[in-house]
Amino acid sequence: MKKRLLVLVFLMIVSTVLFARIGDVNGDSEITIVDALLVAQYYVNMNPQNFNVDVGDMNGDNVVNIVDALLMAQVYIGLIEPPEEKTNTITIEAEEAYSNDAVVESEYPGYSGRGYINTANVSGAYVEWIVNSSAAGNVDLFITFANGGSSSRPMEILVNNAVVVSRVEFSSTADWQSWTSASASVALVSGQNILRFNSLTSGGAPNLDKLVLSGSQLITIPAATPSPVPVDLGIVGWGSVNYLNQNGTSGGAGGETVDVYDFNALKNAVSDSTPRTVIIHGNIATGTPQQVNVYANKTIIGDGNGAYLDFGFYMRGNNIILKNLDIWNGGAGDEEGYDGISWASNLHHFWIDHCTFHSCTDGAVDPTRNVRFVTISYCRFYDQIKTMLIGSTDDDPDARNAQNNSSKNEWHYTVTVHHNWFQQTSQRHPRVRFGAVHVYNNYYEGLGTYAIGRGDRANIYSEANYFYNAKQCFAAYDDSSNPGYVDDVNSLFEGSNSNTGDNPPSGSWVWRPSDYYQYTAHSASWIKSNLKNYAGAGKVNP
């Protein structure tokens, strides 16, 4: 009790004010007797408040106690100067950001981390970081960039969706290997802050490498939600069916695991039919449009948050799995041109899961040439015109004859397309000829031409999809002599849509996916609210 009274008597002196941050425990921008009293009360257990050490630690010993209270009192009565404010600095790599209309690349040297962000040349492309701040206050931002173009690529800065800096110039740096930095100052709130750099012109953003934040408050990156490689999430749909002496799609299961870091090692690892799991680490850029030939019994997985590849894959064997890959600029290697993924003839059992596709000159994923038993799930498609073509020609006698069988297992083009996010793509989501195709739980957003296209003899079961500004939801590309069908159930249509009516068949044309495999569909409203969090490379299932 005596100790408590001595402390309180010593500290009860009438106020004057002196601005400083360290020592300002009550947050009024002053060091006063009130701050000292609060710390003293905390020390003798009269105040349960748990002080932020970064604010209350006057002597820098990383604890808040009576010594700090005494020092506050001495500052207050003018015996000592306030301590200098601390400067806290944190560096965040661009590849740790969320980006829209952008990819991680490593083509041009001089960057830090594992790469840099390259956005599309569009207004509105952005890079976004999340940081936590121990207190409200200003921070200085330094963003490292390269701009090999001839013009500035300005961006605005938003904090928590509000524009706080209307324009930051990112001037030309002569070439894409010359890295420099631009700076700005923004105010953060206490707690979580969402920092977004948003491009203002059709030139998009410069290549962005890293962001440095510097301020007196403590700035941290929130603990990341675990994002493991999506390997064991389970296949559903046609790719899971036991048929043609293949018990579902198992890929490289049972074989060795090989880690690859470059293009030649990848080609060698998939060049035979021996079961093998191939894990791709980092980015692989060839600079030349091409495709990698993949032979039977392979699982190809991108490590961590995904492998970024500037080439495509050409399936030349059965039983192949691709996961956690970001594929763009798919290369030439077959008659169809620049596909992200294409197939040789008469193959079966494939699973394309948690991949991202964009900027492929021809199709992104095109199951053609009588491919069978395919599942395409939890993928994201953007910046793409021709997205997915199933069946490439009306003149396909093998596919036509196969549809004379009563069992859909004998049909060609048995494909399941589920839980994919089609983001402002144009057409073929999918475009179908022949086959029995199940399209369910997909998110269609801001499409350029149409969503699902029915062609000759197509049998499409559309289920619980979400259509938002999809233009034509169901487009007809068949004719009266060879009709195709779409049977739609439980889908949700919002925004601006046309052709929302299906044309369900009758008689022998009717089919139900549940007759061939087990699955559970989400509601279309769940897809609306949640799917974007789970589709694409680096994401996991709920």
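## Basis of the model

Because the model is predicted, local features require pLDDT of at least 70 and side-chain atom pairs count only at pLDDT 80 or more, while totals for chains, interfaces and linings use all residues. Residues are numbered from 1 along each chain as its sequence is written, and side-chain values use heavy atoms, with hydrogens and water left out.

## Overall architecture

The protein chain contains seven helices and 41 strands. These elements are DSSP runs numbered from the N terminus, with helices (H or I) of at least four residues and strands (E) of at least two.

Of the 542 residues in the protein chain, 53% are buried; buried denotes under 20% relative accessible area, exposed over 50%, and partly exposed the range in between, with a 1.4 Å probe and protein chains only. The accessible surface amounts to about 21,700 Å², and carbon and sulfur atoms account for 47% of that area. Accessible areas follow the Shrake-Rupley method with a 1.4 Å probe, and for residues only the protein chains shown count as cover. Among contacts (heavy atoms within 4.5 Å) between residues at least 6 apart in sequence, 65% join residues at least 24 apart.

Rolling a probe the size of a water molecule over the atoms shows where empty space is left. A cavity is here a set of points, on a 1 Å grid over the protein atoms alone, where a 1.4 Å probe fits but cannot get out; lining residues have an atom within 4 Å of a point. Grid points are joined across faces, edges and corners, and a volume is the space filled by probe spheres set on the points. By this rule there is one cavity of 30 Å³ or more, and the largest cavity holds about 50 Å³ of space.

The lining of the largest cavity consists of Asn459, Ile460, Tyr461, Tyr485, Val486, Asp487, Pro505, Trp509, Val510, Trp511 and Arg512. Strand S36 (459-463) and strand S39 (485-489) are the elements that give two or more residues to this lining. By class, the lining has eight nonpolar, one polar and two charged residues. Nonpolar covers Ala, Val, Leu, Ile, Met, Phe, Trp, Tyr, Cys and Pro; charged covers Asp, Glu, Lys and Arg; the others, Gly among them, are polar.

## Helix H2

Helix H2 (residues 33-43) has Ile33, Asp35, Ala36, Val39 and Ala40 as its buried residues. They lie on the same side of H2 because they cover an arc of only 160 degrees around the axis, taken from the directions from the helix axis to the C-beta atoms. Asn45, which follows H2, has a positive phi near 65 degrees.

## Backbone geometry

Most residues other than glycine have a negative phi, and most peptide bonds are trans. His349, although not a glycine, has a positive phi of about 70 degrees; it is found in strand S25 (residues 348-353) and counts as buried at 0% relative accessibility. Asp383, also not a glycine, has a positive phi of about 50 degrees. Asp383 lies in the loop between strand S28 (380-382) and strand S29 (389-390) and is partly exposed at 41% relative accessibility.

The peptide bond from His429 to Pro430 is cis, with omega near 0 degrees. Pro430 belongs to the loop between strand S31 (421-423) and strand S32 (431-432).

## Buried glutamines

Gln217, in the loop between strand S11 (207-215) and strand S12 (219-220), is buried at 1% relative accessibility. Gln217 and Val55 are 162 residues apart in sequence, yet 8.4 Å apart in space, C-alpha to C-alpha.

Gln291 lies in strand S18 (residues 291-294) and is buried at 10% relative accessibility. The C-alpha atoms of Gln291 and Lys267, 24 residues apart along the chain, are separated by 9.7 Å.

Conventions. 1 Å grid on protein atoms, 1.4 Å probe; cavity = no way out; pocket = protein on both sides within 12 Å on 5 of 7 lines; lining within 4 Å.
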